[in-house]
Amino acid sequence: MKNNILKPLIAILLVSFVSLQMNAQKGQTISKKLKWSERMALSIMMQHKESYMIDNAATPKWDYVHGLVLTSFDELNKKHPNQKYSAYSKTYVDKLVQEDGTIDTYKFNTYNIDMVVAGRLLFDLYTTTQEAKYLKALQTLRKQIEEQPRTASGGFWHKKIYPNQMWLDGLYMGAPFYAQYTVTFEDGKNLDDVAKQFELIQKNARDSKTGLFYHGWDESKQMPWANKTTGTSPNFWSRSLGWYAMALVDVLDYFPKEHPQQKELVGYLNQLANALVKFQDKSGLWYQVTDKGAVGGNYLEASGTAMFTYAFAKGVNKGYLPKKFKTAAKKAFCGMTKHLIKVGQNGEVTITQACAVAGLGGNPYRDGSFEYYVNERKKDNDPKATGPFILAALELNR
């Protein structure tokens, strides 16, 4: 008799439990009514429960991809204040920056300029908390900039293991942090040195025919990938150009209009934007190898497109670029949402067609050839695409 009574009760309890589970899942659904910036951020949080897990990291590590994505979270929190966005960024920093200001996993003596960019997360934290550990970490990264090996002409090496080489990537990794630090703590005394990094790239990595920039420049001309006359690598890679474009619009935040190099930097941005827009596909997107179009496995790539979109939109919003580039940015953003984005059943956003990684030299050796770039692996929701996508969405109010 008891079993006959219990069975319906158990069935009711099971149905209730399943209903509660379904409602819980519904609570995690990302609404399509939200702007794309928040939808992307919430998707990242859904995919990576803790911020150190970005890029599928198994343990916390100080890394440029975390710096990029969490910078976008900090910017998102400024436009759409929400404690969960600021906390997601802060918990990453606090897992790595110790009470004495040392940064776990960070290796000073490698002089890897990629490791500087995550330091951008520290400025607001120090301003709001005045905790000494954040200042000490900032000072450590500033010391790296001070001691970073340089080319004979004064450009920062990309890494100690890549002597005499400047890569476009490195301008984003080091210059915005350097500019913000010298303005915040040094009365801007080193802005000339920040500008010099761009001047060297303009002089040595720019192709006069297309107006585009080669991924790398070896001042010694000794690397097998380097042109023996110019020292440049052989191809134009959209993401490296995207790093450079973002570096320009971000460092300009710290250059007062009266600074002698401010107009030069704005000029560089205009030159680059005019060159890039000529290679924008009718879809609004850009190819992995920027100038080669749909040949030989070349493909419309997400991270470079997102970076250009951000640089164009911010450039117009700040008054550096003509309004026509806002139109190009909107076209690119629409192209991404139409062709490169998938939305899952819980509203989660996935960006496809993102190059996972590419470089020059190293072991195994990367020759910078067209074939090399188009055959590097792709990764959905790669952080080099998701971070710039959020930044672009914010600039476009999308």
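This is a predicted model: local features need pLDDT of at least 70, side-chain atom pairs count only at pLDDT 80 or more; totals for chains, interfaces and linings use all residues.

**Overall build**

I started with the secondary structure: the protein chain has 14 helices and six strands.

Next I checked the overall size. The C-alpha trace spans about 95 × 50 × 45 Å along its principal axes. For 398 residues, a compact globule would have a radius of gyration near 21 Å, and the chain comes out at 23 Å, so the two agree.

Of the 398 residues, 58% count as buried. Among contacts with a separation of 6 or more, 71% are between residues 24 or more positions apart.

**Largest pocket**

I went for the pockets next. The largest pocket has a volume of about 530 Å³. It is lined by 27 residues, and the closest to its centre are D63, Y64, D114, K159 and V357. Helices α3 (64-79), α7 (168-185) and α9 (238-251) are the elements that give two or more residues to this lining.

What is the lining of the largest pocket made of, by class? I get 12 nonpolar, three polar and 12 charged residues.

**Second largest pocket**

The second largest pocket holds about 410 Å³ of space. I find 19 residues lining it, with T71, E75, K78, R120 and D253 the closest to its centre.

Which element gives the most to this lining? It is α3, with five residues. At least two residues each come from α3, α5 (120-129), α11 (302-317) and α14 (383-396). By class, I wrote down six nonpolar, two polar and 11 charged residues for the second largest pocket.

**Cavities**

Searching the whole structure turns up two cavities of 30 Å³ or more.

The largest cavity holds about 110 Å³. Its lining residues are I113, F156, W157, H158, M166, W167, G170, L171, G174, A175, Y178 and Q197.

I44, Q47, H48, I54, N381, P383 and T386 line it. Here α2 (36-47) and α14 each supply at least two lining residues. I count three nonpolar, four polar and no charged residues around the second largest cavity.

Last, I picked T290. Where does T290 sit? It is in the loop between β3 (286-287) and β4 (300-301).

Is T290 buried or exposed? T290 has a relative accessible area of 1%, and buried means under 20%, so T290 counts as buried.

I then checked what surrounds T290. Leaving out residues up to four places away in sequence, T290 touches L212, F236, W237, S238, L241, L276 and F279. With S238 there is also a polar contact, side chain to side chain, at 2.9 Å.

Definitions and conventions. Residues are numbered from 1 along each chain as its sequence is written. Side-chain values use heavy atoms; hydrogens and water are left out. On a 1 Å grid over the protein atoms alone, a cavity is a set of points where a 1.4 Å probe fits but cannot get out, and a pocket is an open set with protein on both sides within 12 Å along at least five of seven lines; lining residues have an atom within 4 Å of a point. Grid points are joined across faces, edges and corners, and a volume is the space filled by probe spheres set on the points. Helices (H or I, at least four residues) and strands (E, at least two) are DSSP runs, numbered from the N terminus. Ala, Val, Leu, Ile, Met, Phe, Trp, Tyr, Cys and Pro count as nonpolar, Asp, Glu, Lys and Arg as charged, and the others, Gly among them, as polar. Buried means under 20% relative accessible area, exposed over 50%, partly exposed in between (1.4 Å probe, protein chains only). A polar contact is a pair of N or O atoms within 3.5 Å; within protein, one must be able to donate a hydrogen and the other to accept it, and residues adjacent in sequence count only if both atoms are side-chain atoms. Contact means heavy atoms within 4.5 Å. The radius of gyration is taken over C-alpha atoms; the globule rule is 2.2 Å times the number of residues to the power 0.38.
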